[in-house]
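Points are grouped by topic.

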Amino acid sequence: MNQTEKNIFWKNYQGWCWALLQFSILLSLFLFLFGLALWIQSIVLSIIILSSLVWLFTSQVKRFFEGTTLKGYDPWHLKNLREQCLPQVELTVHSHSTPFVLGYDFYNNKKLILSSSLLKHFNKEEMTLQLKAMSLLFDRGFVQNFTWMSYFLFLIFLPFQPFLFIFKKILFAKRAVESIPTFLCFCILFPFQYWVYQQYYLIDEELSSLFASKKQYSEWLWKMHTFWDVSDQRPPVFLNSLFLINPLTKNSFYFNIHPHIEKRIEKLTGAFPI
């Protein structure tokens, strides 16, 4: 198997490889606790817990980004554009005051989520470029990689979810509780920070080829960034990696998965400001 075949295999079976790894860890834990004699019970418990975690993550994404699925009725005139650029991806429009585009690829469940305000602030030509850009990210496996990263961050946050729910209306307490799993994310992801940043730099290089120039693409990045910079609506920290543009620009207590927007533009064009 050559390198190209290996890449195709990993792209197609990445989810199942990660599932097998999680199942093996759970099974080893239960066999250690219960003993080898209860191997059937250990297998059943491992499958139940793994399925529950996958369902919980999927439910969280749906909870925060539930919207109108583009099917027969098409008030945004996106149907032809979607069939042209992303025929295998479910397109959903989420009601949100901040323009954003979000990719989700989990066990071959592919979704593209657009905010309703994105359709108000960008014309058809710009939307075509954005959907073509997301099509490339789906095809190259970037969306899948960042969805799995989001899933593992969710697992870190999961034990703290009851406390975050209790203190959701007390900002200080909510941030205090949230700082614990975010610090754990920092500790776990810090050794991989260079690799993650390189993924974003590679994304910028590839997506800029779809635009008229690197300058035009950089201006688009900055435009999307400024919308989040003035927004008062923030997604949960563990869903941060699903966005191409960092949605948590004002928060300082979390581990920033995205490189700073200034650094991305400078890396792409060689200078900042644009």
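Contact here means heavy atoms within 4.5 Å. The model is predicted, with a mean pLDDT of 84 for the protein and 91% of the residues at 70 or above.

**Confidence**

- Among the elements, helix H6 (142-157) has the highest mean pLDDT, at 92.
- Strand E1 (residues 68-69) has the lowest mean pLDDT of the elements, at 72.
- Where pLDDT is low, predicted coordinates should not be read in detail.

**His94**

- His94 belongs to strand E2, which spans residues 90-94.
- Is His94 buried or exposed? His94 counts as buried because its relative accessibility is 9%, and the cut-off for buried is under 20%.
- Beyond its neighbours within four places in sequence, His94 contacts Phe64, Phe65, Glu66 and Gly67, and also Phe100, Ile113, Leu114, Ser115 and Ser116.
- Another partner of His94, Phe64, is among the residues closest to the centre of the largest pocket.

**Nonpolar core**

- The largest nonpolar core comprises 74 residues, and H6 gives the largest share of this core, 10 residues.
- Which residues have the most contacts inside the core? They are Leu112, Leu114, Met127 and Leu137.
- Of these, Leu114 is also a contact of His94.
- Leu137 touches Phe142, Val143, Ile203, Leu207 and Leu244, with residues up to four places away in sequence not counted.
- In soluble globular proteins, nonpolar side chains tend to be buried together.

**Cavities**

- Four cavities of 30 Å³ or more are present in the structure, and the largest cavity holds about 110 Å³ of space.
- The largest cavity is lined by 14 residues, and those closest to its centre are Leu137, Val143, Phe146, Leu242 and Leu244.
- Strand E3 (101-106), helix H5 (124-140), H6 and H9 each provide at least two lining residues of the largest cavity.
- By class, the lining of the largest cavity has 12 nonpolar, two polar and no charged residues.

**Largest pocket**

- The volume of the largest pocket is about 680 Å³.
- Its lining has 27 residues, with Phe64, Lys174, Arg234, Pro235 and Pro236 closest to the centre.
- Helices H2 (39-64), H7 (161-166) and H8 (171-189) are the elements that give two or more residues to the lining of the largest pocket.
- H8 supplies the largest share of that lining, four residues.
- The lining of the largest pocket divides into 13 nonpolar, six polar and eight charged residues.

**Second largest pocket**

- The second largest pocket has a volume of about 390 Å³.
- Of its 14 lining residues, Trp18, Met149, Phe152, Leu189 and Trp195 lie nearest the centre.
- Two or more lining residues come from each of helix H1 (3-34), H6, H8 and helix H9 (193-208).
- Which element gives the largest share of the lining of the second largest pocket? H6 does, with six residues.
- The lining of the second largest pocket has 12 nonpolar and two polar residues, and no charged ones.

Terms used
Residues are numbered from 1 along each chain as its sequence is written. This is a predicted model: local features need pLDDT of at least 70, side-chain atom pairs count only at pLDDT 80 or more; totals for chains, interfaces and linings use all residues. Side-chain values use heavy atoms; hydrogens and water are left out. On a 1 Å grid over the protein atoms alone, a cavity is a set of points where a 1.4 Å probe fits but cannot get out, and a pocket is an open set with protein on both sides within 12 Å along at least five of seven lines; lining residues have an atom within 4 Å of a point. Grid points are joined across faces, edges and corners, and a volume is the space filled by probe spheres set on the points. Ala, Val, Leu, Ile, Met, Phe, Trp, Tyr, Cys and Pro count as nonpolar, Asp, Glu, Lys and Arg as charged, and the others, Gly among them, as polar. pLDDT is the predictor's confidence in each residue, from 0 to 100. A nonpolar core is a set of buried Ala, Val, Leu, Ile, Met, Phe, Trp, Tyr and Cys residues joined through side-chain atoms within 4.5 Å. Buried means under 20% relative accessible area, exposed over 50%, partly exposed in between (1.4 Å probe, protein chains only).
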